[in-house]
Amino acid sequence: MNMMTGKMRDERVTLAHGGGGKAMRDLIEGVFTSAFVPDAMEDQARLMDAALQEPGARLAFTTDSFVVDPVEFPGGDIGKIAVCGTVNDLAVGGARPLWLSAAFIIEEGTEVALLKRIVMSMKQEADKAGVRIVTGDTKVVGRGMADKVFVTTSGVGVIAPGCDLSAGRVRVGDVAIVNGVLGDHGAAILAARGDMALSAEIQSDCQGLGHLMQAVMHAAPGVRAARDATRGGVASVLNEVAETAGVSIEIEETALPLRSEVKGMCEILGLDPLYLANEGTLVVFVPEDEADAALAAMRAMPEGREATVIGRVVDGMAGRVTMRTLFGGARIVDMLVGEQLPRIC
Amino acid sequence: MNMMTGKMRDERVTLAHGGGGKAMRDLIEGVFTSAFVPDAMEDQARLMDAALQEPGARLAFTTDSFVVDPVEFPGGDIGKIAVCGTVNDLAVGGARPLWLSAAFIIEEGTEVALLKRIVMSMKQEADKAGVRIVTGDTKVVGRGMADKVFVTTSGVGVIAPGCDLSAGRVRVGDVAIVNGVLGDHGAAILAARGDMALSAEIQSDCQGLGHLMQAVMHAAPGVRAARDATRGGVASVLNEVAETAGVSIEIEETALPLRSEVKGMCEILGLDPLYLANEGTLVVFVPEDEADAALAAMRAMPEGREATVIGRVVDGMAGRVTMRTLFGGARIVDMLVGEQLPRIC
Amino acid sequence: MRFTEEFRDPKAAKALLKEINKVVDEIGATKEKPVHIMEICGGHTHAIFRYGLDKLTPAGIEFIHGPGCPVCVLPMSRVDECIELAEKPEVIFTTFGDAMRVPGTKKSLMQAKAEGADIRMVYSPLDALELARRHPEREVVFFGLGFETTTPSTALSIQQAAREGLTNFSVFCNHITVPPPIKALLDDPHMVLDGFVGPGHVSMVIGTHEYDFIAEDYGKPIVVAGFEPIDLLQSVLMVLEQIRDGRAEVENQYGRVVPEHGNAVSKAAVADVYEKRPTFEWRGLGEIDESGLRVRDVYKAFDAEAKFGIGYSAESRHVEEPEGCACGAVMTGRMKPMHCPQFGTGCTPEMPLGALMVSSEGACAAYYQYGGARAIEAAE
Amino acid sequence: MRFTEEFRDPKAAKALLKEINKVVDEIGATKEKPVHIMEICGGHTHAIFRYGLDKLTPAGIEFIHGPGCPVCVLPMSRVDECIELAEKPEVIFTTFGDAMRVPGTKKSLMQAKAEGADIRMVYSPLDALELARRHPEREVVFFGLGFETTTPSTALSIQQAAREGLTNFSVFCNHITVPPPIKALLDDPHMVLDGFVGPGHVSMVIGTHEYDFIAEDYGKPIVVAGFEPIDLLQSVLMVLEQIRDGRAEVENQYGRVVPEHGNAVSKAAVADVYEKRPTFEWRGLGEIDESGLRVRDVYKAFDAEAKFGIGYSAESRHVEEPEGCACGAVMTGRMKPMHCPQFGTGCTPEMPLGALMVSSEGACAAYYQYGGARAIEAAE
Amino acid sequence: MCLGIPGQIVEVTDGERQMAMADVSGVKREVSVACVAQGDLEDLVGKWVLIHVGFAMSIIDEEEAAETLEALRGLGEAQETLEAMAHGVSALEGTQ
Amino acid sequence: MCLGIPGQIVEVTDGERQMAMADVSGVKREVSVACVAQGDLEDLVGKWVLIHVGFAMSIIDEEEAAETLEALRGLGEAQETLEAMAHGVSALEGTQ
Ligand code: SF4
Ligand code: SF4
Ligand SMILES: [Mg+2]
Ligand SMILES: [Mg+2]
Ligand SMILES: [Mg+2]
Ligand SMILES: [Mg+2]
Ligand SMILES: [Mg+2]
Ligand SMILES: [Mg+2]
Ligand SMILES: [Mg+2]
Ligand SMILES: [Mg+2]
Ligand SMILES: [Mg+2]
Ligand SMILES: [Mg+2]
């Protein structure tokens with residue numbers, strides 16, 4: 001009898017696992033199918049949800065590729081981000097996330113154990129968010145043709161009849177609320193990457209925001225729009241909304257919730273935390289009279305415990321975002337040009 | 001006045017284009033949005049199709065990452081494949097393709113002109129297939145962290161009430177039909193890659209199969225199942241179907257449609273064309289009495305001009321695929337183990 | 001004429017099979033008391049299974065699959081050495097695809113590549129030479145694997161490198177020769193063999209007279225054969241006819257390609273660059289006298305063994321074959337693949353234990369792939 | 001105490017602003033007839049805009065943004081040379097992130113990286129040293145950019161490399177010094193300046209006496225300042241008080257960090273490794289005598305200029321600044337950024353024409369980013 | 001082992017290095033003709049050779065090939081004749 | 001330019017190379033203390049230094065810092081007193 005059991009006996013992925021044959025099937029069955037869709041025989045999922053067939057319901061569809069380096073970091077891994085990111089993109093549009101797809105591009109030589117950890121964390125996160133990963137794909141590329149693993153998730157959700165969250169609906173007087181501290185993900189990744197030889201106990205804020213969004217929509221039915229701030233940080237989200245809605249937004253420097261380590265990291269590298277990436281940071285715009293209700297609902301949940309108002313929508317030049325500095329000065333918070341580079345010398 | 005116009009003025013993609021700021025927006029607006037979804041403001045598409053709300057209708061959902069090297073090759077490019085591949089995965093399940101997502105992972109240094117060509121070819125192919133690319137994403141990774149461009153497409157389609165194509169429905173007596181010559185894509189890529197210094201005028205068979213599938217379903221309403229043979233070739237598709245349906249399949253060596261150059265390539269490198277990749281090759285299983293109708297319908301379309309019966313489903317060991325050689329011998333056509341390697345010395 | 005399809009003509013095959021059946025009957029061979037014919041060359045093994053010739057020929061013929069697959073007879077220690085070379089940071093290790101999946105003690109070249117070694121599959125040693133020209137800062141090593149057919153290509157490549165004064169190209173020479181193992185098999189008292197199908201492409205280089213000893217000293221027929229199904233059937237028929245007629249001759253079915261005296265340029269190049277090793281190790285067969293080649297001292301600069309202090313000539317590093325592996329017995333025809341206790345369970349193409357399961361020319365892989373489950377059933 | 005937040009106290013700022021307003025009034029300065037104060041250091045420019053100090057201070061104060069941003073004064077030819085070095089296959093080119101986006105004649109380091117050059121951003125020359133240790137087969141070049149604050153770090157790194165006997169580490173030295181351009185500005189007859197906010201971190205290395213000539217020879221006040229908003233407001237107040245009182249002294253607001261005589265170890269290391277160049281080119285300012293440093297001959301092995309035959313000392317390769325670029329006028333305070341014809345149209349942070357638009361410490365970038373559209377409107 | 005395939009020489013590409021372009025069913029690859037070169041390389045153009053790992057190792061003897069095929073055709077026809085005769089005999093036998 | 005930030009030395013990491021660990025708001029980085037080393041390196045532990053590009057360039061004078069802040073507090077208070085007085089005066093004036 002053969003001592004080795006299980007479908008996937010290799011320790012590392014080789015090009016053979018991408019060849020469309022038995023090795024690929026073993027990889028898929030040994031690592032992916034077991035966690036995601038044990039019974040998929042066709043290369044497409046076939047689905048239906050009653051909510052989708054309600055008159056006036058709309059289908060939400062979104063996609064993102066995830067390429068984080070390192071693939072595992074304090075507070076999460078690429079799999080967790082891949083599920084949270086797409087769940088969040090559905091949620092902030094007002095959709096209830098239903099189904100995800102997951103496509104993996106794997107570099108030759110990647111450890112199978114790493115893949116398994118990533119997949120497990122995807123499953124966990126999907127379960128938490130109440131979505132199912134229903135279809136997937138794997139490709140293997142040669143060494144140096146990818147960076148360990150890239151994951152692309154797409155998501156399908158349902159928007160209930162009448163629900164219409166969009167940046168265009170933001171009005172003067174609205175209040176901008178975030179669910180918690182900013183920049184944790186960006187800072188955690190900077191530290192984890194080790195390029196600048198900085199170490200800090202910062203965890204990525206990577207988390208799903210679906211339940212939090214449901215709570216906000218329930219507590220503040222007039223909620224105008226929401227965004228999850230990822231690349232480009234909160235500053236980019238504010239600029240995007242200000243532009244789309246044709247309004248100005250004014251935020252308060254003293255109101256920005258920042259962890260001390262994130263501040264430290266930014267000081268060392270000359271970075272601005274408003275532009276740091278997040279992976280579980282919600283920015284919601286609510287009418288002023290619903291702000292307290294929204295805040296209270298958010299603070300009642302772990303994902304929103306540190307929720308706070310950071311600014312408000314004001315009359316002014318379309319697309320303008322300004323920040324009142326701590327002693328009353330004002331500066332423009334523009335969109336970032338490229339990526340934020342350390343500014344040191 | 002500034003002499004340079006247009007949003008995207010760089011010749012090559014830099015990391016700045018992935019930073020979430022203006023450079024990224026310029027890349028997206030200059031290259032992607034203009035071709036795909038000019039009016040998307042939220043990071044999710046909001047859609048509905050009457051067919052989806054019919055009682056008994058089902059939603060089909062599928063995804064694939066595309067990683068071909070070289071990204072442009074005779075007969076297509078990675079963008080064309082990315083659209084065709086996902087359209088085909090929807091189509092072979094009996095779904096009418098509706099919407100696609102497209103996520104790009106771009107290597108630093110990639111030429112913007114190349115991206116534009118890829119995107120244009122996606123648009124063209126989507127138009128041909130009658131689908132809309134409704135949501136997307138771009139990520140930029142450092143040099144040597146990807147191979148120019150990877151594209152991941154996901155697709156949503158609708159399966160009409162009552163339609164149920166699946167490998168499990170294949171029965172003894174059914175006939176296996178392919179739409180044309182085999183292995184063109186694999187051979188074209190081998191030649192285009194230049195590793196083995198072979199040159200040949202072989203075009204990839206890369207094409208969308210949605211319309212062809214519609215024609216088959218119309219002409220042969222009893223059609224059991226269909227597959228597009230990609231990685232692992234026709235041999236893998238046959239094995240997969242034989243296993244799922246619990247039947248044997250017998251094919252005829254003399255019936256396999258092969259281009260002379262593909263044969264030549266296989267002879268030089270000791271490869272088996274049954275395992276070569278395709279990107280527009282349909283394998284359909286139809287009841288014997290509908291075979292002629294299916295063939296006629298396929299041959300009436302450019303994608304099926306060379307359609308032919310390659311074998312039939314027989315009683316026998318579940319999952320067994322055999323090939324009758326040209327003078328009556330028989331051999332087993334197993335699944336490939338890993339990737340097919342040149343066998344030379 | 002393309003010299004391929006024409007030799008796959010079903011009509012001709014039918015005629016030959018009829019004739020074969022007739023001669024088998026004349027000899028009186030049966031399933032229980034078959035004629036044993038060894039096809040020496042792995043290419044012939046492959047063709048027999050690819051075209052289903054084993055099932056078309058009568059039960060009275062039993063094919064013994066010989067040692068003529070260079071991948072199958074490659075000892076684990078050579079694979080380990082390839083990996084050691086490939087893992088040197090300065091080395092670009094080039095090889096035919098055939099060698100990629102052969103298991104070494106710890107891993108295959110495929111796995112070493114996944115772990116980061118710079119290993120490239122090439123079609124020709126000329127491609128390795130071109131890599132060396134393009135990467136003067138790297139050391140390009142070509143894995144010289146194969147029989148007499150392949151040896152001239154590496155010899156000519158070394159001569160070319162010398163002419164160009166390339167200093168970063170070397171060959172890890174593990175070339176072997178066909179006649180010595182045949183002699184070893186014929187000397188084996190357990191071996192039952194009635195005739196041989198001779199290796200066509202080896203013979204196009206060395207000619208047919210190298211097999212004279214088979215007919216003259218051992219009284220066995222041998223027919224040098226081509227690789228198309230018609231070639232093989234005709235060659236089998238010619239062997240059978242010799243047996244029926246009590247003849248033992250060296251015949252040449254593959255005259256369109258194989259000249260009686262082989263290829264002079266090739267032989268000269270091989271003689272210039274290589275010399276016989278006193279002895280060389282074959283997987284499953286052990287040490288065989290004068291069965292391997294090494295680079296002559298004058299071309300030392302192109303000899304990876306000398307350059308990196310590695311290989312058969314270096315301190316012996318013989319590694320025991322994995323336990324339970326019956327490759328030796330299968331290769332000498334003493335055991336059928338499906339009777340190996342590992343066949344299909346501990347040893348499959350996905351997880352080969354022995355080399356005969358790796359190459360599609362290996363008897364075990366051929367039985368598994370082309371005989372597939374049927375062979376497994378038979379074994380159970 | 002963390003020595004940061006404490007110096008951002010709104011209460012203290014309020015008090016200082018009140019006092020500043022009072023003194024401005026006492027001087028009688030107005031928007032039409034303002035006091036001109038130059039903050040020499042780009043770090044101060046950045047802080048002024050970051051905290052909106054320009055809008056908080058009275059209209060009677062006009063800030064002139066000085067040449068103290070090493071990125072802004074870097075000539076195109078130096079950038080081109082960086083790229084030439086970085087594109088050598090053996091070179092790992094290391095640099096602070098600051099330099100990545102500065103446009104050269106054809107491209108920036110960012111673009112060169114995208115095209116394949118091995119360019120790595122580091123936090124410290126020590127990280128470049130570590131790369132050299134880890135990649136003995138490569139040449140690690142560190143781009144020595146910056147003023148007196150930064151120069152000791154590369155000097156100490158070269159000394160450390162020498163101690164370790166590293167042969168693959170070198171510095172492409174483009175270090176510059178603060179006093180010479182100040183003298184040049186003061187000698188410029190077009191220049192209107194009433195006082196200076198002095199560079200705090202430069203001074204922590206060189207001390208305060210290097211500025212004596214400003215007070216003694218030119219009769220202008222200078223206050224060495226820290227980088228927190230309170231530091232800046234207090235320093236501005238101190239400058240104003242000197243003006244009001246008719247004094248011209250070198251004062252030190254940043255005593256917690258800046259010792260009167262600077263840092264002895266740093267100065268010794270710099271003197272050991274570097275020597276003054278007779279002259280050096282500044283973007284927008286032209287050649288300035290004794291304003292740059294080069295590696296001394298004893299450390300030639302660590303001098304990228306010598307090692308690769310490149311740089312300012314090599315055959316002069318001065319490149320003309322792009323046409324229409326008014327950086328020189330802006331840097332000397334003769335023009336406000338928004339009055340440059342390129343500002344916001346031909347020159348934006350996305351597509352900078354001049355260096356002052358690249359660094360967030362450049363006056364133009366600061367006006368654009370923090371004054372943003374308002375500045376553009378003003379210009380239109 | 002020793003995969004060898006027939007290809008036709010279509011062009012001499014590098015006389016000095018004895019390289020030529022071979023065509024295999026429309027697939028082209030540069031091969032060394034060092035082993036089959038006799039006199040003028042151009043004489044090889046149009047010839048069929050047996051190619052192994054990028055080297056032409058033998059010039060295919062077209063006559064010989066034709067003869068082999070002819071002999072087999074002969075064998076088949078002879079068998080058919082015999083069969084027809086046997087059939088005739090059994091047919092005759094059947095009338096008994 | 002010349003980004004310099006205060007950090008606290010928490011540990012000597014390599015005496016020979018004069019390297020120590022600095023802490024900036026919980027973020028740690030190894031820095032050279034060559035420029036601020038006097039006598040026993042361990043004496044630096046607990047001290048605040050000004051860090052630039054991985055080098056501690058100055059030991060922060062905590063007393064001096066406290067004094068600066070104290071003086072500003074004084075300024076604020078003085079202003080408040082003055083304002084209160086001014087307010088008192090105007091209040092008085094208002095009663096006229
Ligand atoms: S089955 Fe495996 S172990 Fe047994 S003889 Fe064949 S190759 Fe060797
Ligand atoms: S706007 Fe641009 S060109 Fe004009 S001065 Fe500023 S940096 Fe120079
Ligand atoms: Mg998205
Ligand atoms: Mg998002
Ligand atoms: Mg797939
Ligand atoms: Mg957060
Ligand atoms: Mg804006
Ligand atoms: Mg798919
Ligand atoms: Mg498919
Ligand atoms: Mg996105
Ligand atoms: Mg096809
Ligand atoms: Mg099977």
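Modeller: Contact means heavy atoms within 4.5 Å. No contact joins chain E and chain F, and their closest C-alpha atoms are 56 Å apart. Chain A and chain E are likewise without a contact, with 22 Å between their closest C-alpha atoms.

Colleague: What should I know about the model and its numbering before going on?

Modeller: This is a predicted model, in which local features need pLDDT of at least 70 and side-chain atom pairs count only at pLDDT 80 or more, while totals for chains, interfaces and linings use all residues. Residues are numbered from 1 along each chain as its sequence is written, chains are lettered from A and ligands numbered from 1 in the order in which they are written, and side-chain values use heavy atoms, with hydrogens and water left out.

Colleague: Which chains share the most contacts?

Modeller: Of the nine pairs of chains in contact, chains A and B hold that place. Their contact takes 78 residues from chain A and 78 residues from chain B.

Colleague: How is the extent of such an interface expressed?

Modeller: One uses buried area, the accessible area (1.4 Å probe) that two parts lose on being put together, summed over both. For chain A and chain B the figure is about 6100 Å², with 53% given by carbon and sulfur atoms. Arg46(A), Phe61(A) and Arg231(A) supply 13% of the area that chain A buries against chain B, more than any other three residues.

Colleague: How many salt bridges are counted between chain A and chain B?

Modeller: A salt bridge is a side-chain nitrogen of Lys or Arg within 4 Å of a carboxyl oxygen of Asp or Glu. The count for chain A and chain B is 10 salt bridges. Lys22(A) and Asp334(B) meet through their side chains in a salt bridge, at 3.1 Å from N to O.

Colleague: How does the contact of chain C with chain A read by the same terms?

Modeller: Here 11 residues from chain C and 13 residues from chain A take part. The two chains bury about 1000 Å² between them, 58% of it on carbon and sulfur atoms. On the side of chain C, Ala114(C), Glu350(C) and Met351(C) supply 45% of the area buried against chain A, more than any other three residues. One salt bridge is counted between these chains. The side chains of Lys113(C) and Glu108(A) form a salt bridge, with 3.0 Å from N to O.

Colleague: Where are the domain bounds in chain A?

Modeller: Chain A has domain 1 (50-159) and domain 2 (167-332). Their centres, over C-alpha atoms, are separated by 23 Å. The area buried between these domains of chain A is about 1600 Å², of which carbon and sulfur atoms give 60%. Pro74(A), Asn88(A) and Val92(A) lose the most area in domain 1 of chain A to domain 2, together 32% of what that side buries. Asp69(A) and Arg193(A) join their side chains in a salt bridge of 3.7 Å, N to O.

Colleague: Which residues are around ligand 1?

Modeller: A residue is near a molecule if one of its heavy atoms lies within 4 Å of it. Around ligand 1 are residues of chain C, including Cys325(C), Cys327(C), Phe343(C), Gly354(C) and Met357(C). By class, this shell has 10 nonpolar, one polar and no charged residues; Ala, Val, Leu, Ile, Met, Phe, Trp, Tyr, Cys and Pro count as nonpolar, Asp, Glu, Lys and Arg as charged, and the others, Gly among them, as polar.

Definitions and conventions:
Domains from an automatic or database assignment.
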